Amino acid sequence: ITDLCLILGDQLNAKHSWFQQVQSQRLFVFMELAQEANYVTHHQQKILAFFAAMRSFAMALHQADHQVLYLSLDAAVNSGNLTANLDQLITQLGITTVHLQQPDEYRLDQQLQQWATVQPSVSVTWCDTEHFICARDVLQQWFGDKPSYLMEAFYRRLRKQTGYLVDEHQQPFGGQWNYDKSNRNKLPAKHKVPAPLLFANDTSELADMLQRMGIKTMGSAQPDKLLWPVNRQQSLQLLDYFLEYLLPNFGLYQDAMTESSWAVYHARLSFSLNTKMLSPKLVIERAIDYWQQHQERISLAQIEGFVRQILGWREFVRAIYWQFMPNYKALNYFKHHRPLPDYFWTGDTKMRCLQHSLSQSLDYAYAHHIQRLMVIGNFSLLTELDPDAVDQWYLGVYIDAIEWVELPNTRGMSQFADGGIVASKPYVASGNYVNKMSSYCSNCHYQVKLKSGEKSCPLNSLYWHFIEQKQELFANNPRMSLVIKQWQQRSPSERNDILATAQRYLEQLNSL
Ligand code: FAD
């Protein structure tokens, strides 16, 4: 053995060209690292799922006759640090070449690049992960340097380039690029959502190891029945299940929230995608094929909505990350500095929307997009929480949270802390929106119809408080002008009541 090929926890791409041929001089190395388990407090299910998926991929390579070295977290020779481990292995095994796949996270990219520049005795080669559709610097290549970028322009160009859902003249199927407008329905009363497909992977040994090694985690887990897919086969099963049972209503109820289902019609494929057990191309192409064969029960709006999430949003936020890092991580446009209330770790709040969204995040390491954006994110922005703390929480709690995708979504789209690089206006809403899209408000301690006073829905007064506070910043934003005008047209006494209520709620943030 002369060559060491490093495989990071989110580089589980079985279709990578590294694995197409067995090469006797190559050793594939996996490491369970304390540095990765501890850079933020992760949800227990997240660490279990990552380590289980790594172990499963390592085993699959071994069974395919590749040479594999797997350092478990508790291995005596595992220092817990990525580059210290590399140094040790190089010396021990007499390695002459180290092969690396470009990390998706800035932090790891820096660590490996700095390490590579000071290697006296080994040569280091870099290659692509062969996962994403676009290059890291695609925004630069296509649009040049700009203060902000439009997802829609990026998405249309990518539709044309890939040929997905476009005709021979590169025009969109159905004549429209985007069917988002027909995708904003509340679930009808008594509508039954299909139960999610759950796995029952036994990760109890891993859970014992985490405990023994003193890894701090958040949230709950059933380690003997981990519900997330931990290999390519399970990931493909989840994809098939999605296509058959969920895609027909995916777009239609994409923004809907209900207490009776924690995933509604969402795919729950983000963990499989972000660990690269599945590629975006495979998921998109299988979905388009399935739609083509089942057009009698799946409309164009459903498949377009799904393709846009993966081809559009997922590729776009990655490109934003690489365009604006490392500065992006420190942006705090509104200078918000409040700490997170305790219920982010317990779910113990009287606000039903928040209680349900937080509790399911802690129970399943998952919330769907609208819960992340319009419940937890909206609440965080309206209550002026510190974007650093908000980021840490999102980065820890979700099964799919890796910084390249978490950061632009949280700091950018949901907190507007980037000042509008990702979103053209802040995603803020009063209780009215939550009531329109969910079943939460009818079971809440607070009353969504009340704008001020005791028992009024906190989102109502906090929403107008936000508008009052930020009206000057958004005076020239056409997407905000109507609401600012509505606020200014209210009587002074009504505005005073609303602002006093908001102030009281902000002072009692921990006991809402
Ligand atoms: P579905 O709704 O079924 O969508 C299908 C796929 O589309 C997802 O698996 C995902 O790969 C992709 N997708 C959809 N929306 C986005 C988006 N905005 N950005 C990137 N990909 C998208 N996604 C993560 O993967 N990791 C994160 O850490 C993360 N943090 C988020 C934080 C906030 C505040 C918000 C608003 C969104 C975040 N998202 C994140 C995006 C999105 O919410 C999740 O990708 C989605 O909920 C995953 O569940 P799903 O697979 O059921 O998605």
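Colleague: Which hand does the crossing of α14 and α16 have?
Modeller: Bear in mind that this is a predicted model. The axes of helix α14 (residues 369-382) and helix α16 (residues 403-414) come within 10 Å and cross at roughly 55°, which makes α14 oblique to α16. As for the hand, this crossing is right-handed.

Colleague: And which residues make the contact between α14 and α16?
Modeller: On the α16 side you'll find Asn 409, Met 413 and Ser 414. Facing them from α14 are His 369, Leu 373, Gly 377 and Leu 381.

Colleague: How are α15 and α16 oriented to each other?
Modeller: Helix α15 (residues 387-397) and α16 have axes that come within 10 Å, crossing at roughly 135°. Angles over 145 degrees would count as roughly antiparallel, and roughly 135° is the value here. The two helices are therefore oblique to each other.

Colleague: What hand does that crossing of α15 and α16 have?
Modeller: From α15, the contact is made by Pro 387, Asp 388, Val 390, Asp 391, Tyr 394 and Leu 395. They meet Glu 403, Glu 406, Leu 407, Thr 410 and Arg 411 of α16. The crossing of α15 and α16 is right-handed.

Colleague: What about α13 and α14, how does α13 lie relative to α14?
Modeller: Helix α13 (residues 352-364) packs on α14 with the axes 10 Å apart and an angle of about 115°. Angles of 65 to 115 degrees count as roughly perpendicular. So α13 is, relative to α14, roughly perpendicular.

Colleague: Which residues of α14 make the contact with α13, and what is the hand of the crossing?
Modeller: α13 brings Cys 353, Leu 354, His 356, Ser 357, Leu 358, Gln 360 and Ser 361. α14 answers with Gln 371, Val 375, Ile 376 and Phe 379. The crossing of α13 and α14 is left-handed.

Colleague: Phe 379 makes me curious about Leu 512. Is Leu 512 buried or exposed?
Modeller: Leu 512 sits in the segment after α20 (492-507). Leaving aside neighbours within four places in sequence, Leu 512 is in contact with Tyr 343, Thr 349, Lys 350, Met 351, Phe 379, Tyr 446, Pro 458 and Tyr 505. Its relative accessibility is 3%, so Leu 512 counts as buried.

Colleague: How many aromatic pairs are there?
Modeller: Rings pair if their centres lie within 6.5 Å. By this rule the count comes to 42.

Colleague: Take Tyr 106 and Trp 322, then: what kind of pair do they form?
Modeller: Their ring centres are 6.0 Å apart and their planes stand at 45°. Planes under 30 degrees apart count as stacked and over 60 as edge-to-face. With 45° the pair is tilted.

Colleague: How many residues apart are Tyr 106 and Trp 322?
Modeller: Tyr 106 belongs to helix α4 (residues 106-117) and Trp 322 to helix α11 (residues 300-324). Trp 322 is buried, with a relative accessible area of 14%. The pair links distant parts of the chain, 216 residues apart.

Colleague: Which residues do ring pairs link into a cluster?
Modeller: The members include Trp 142, Phe 143, Tyr 149 and Phe 154. The cluster also takes in Trp 313, Phe 316, Phe 324 and Tyr 328.

Colleague: Which residue lies over the face of Trp 464?
Modeller: There's an arginine over a tyrosine too, with Arg 372 at 4.0 Å from the ring centre of Tyr 398. For Trp 464, the distance to the ring centre is 4.5 Å, and the residue is Arg 490.

Colleague: Which residues does the cis peptide bond join?
Modeller: Look in the loop between α11 and α12 (343-346), where Pro 326 is found. The bond has an omega of about 5° and joins Met 325 and Pro 326.

Colleague: Glu 130 has a positive phi although it is not a glycine; what is the value?
Modeller: Glu 130 is in the loop between β6 (123-127) and α5 (138-143). With a relative accessible area of 38%, Glu 130 is partly exposed. Its phi is about 55°.

Colleague: And what is the phi of Gln 170?
Modeller: Gln 170 is found in the loop between α6 (151-162) and α7 (204-212). At 37% relative accessibility, Gln 170 counts as partly exposed. This residue is not a glycine either, and its positive phi is about 60°.

Definitions and conventions: Residues numbered from 1 in each chain as written. Predicted model: local features only at pLDDT ≥ 70, side-chain atom pairs only at ≥ 80, totals over all residues. Heavy atoms only, no water. Helix = DSSP H or I, 4+ residues; strand = E, 2+ residues; numbered from the N terminus. Buried < 20%, exposed > 50% of the residue type's maximum accessible area, 1.4 Å probe, protein only. Lys NZ or Arg CZ within 6 Å of the ring centre and 35° of its normal. Axes fitted to C-alpha atoms, helices over the stretch in contact; angles between N-to-C directions. Parallel < 35°, antiparallel > 145°, perpendicular 65-115°, else oblique. Left-handed = near helix turned anticlockwise from the far one by under 90°. Contact = heavy atoms within 4.5 Å.
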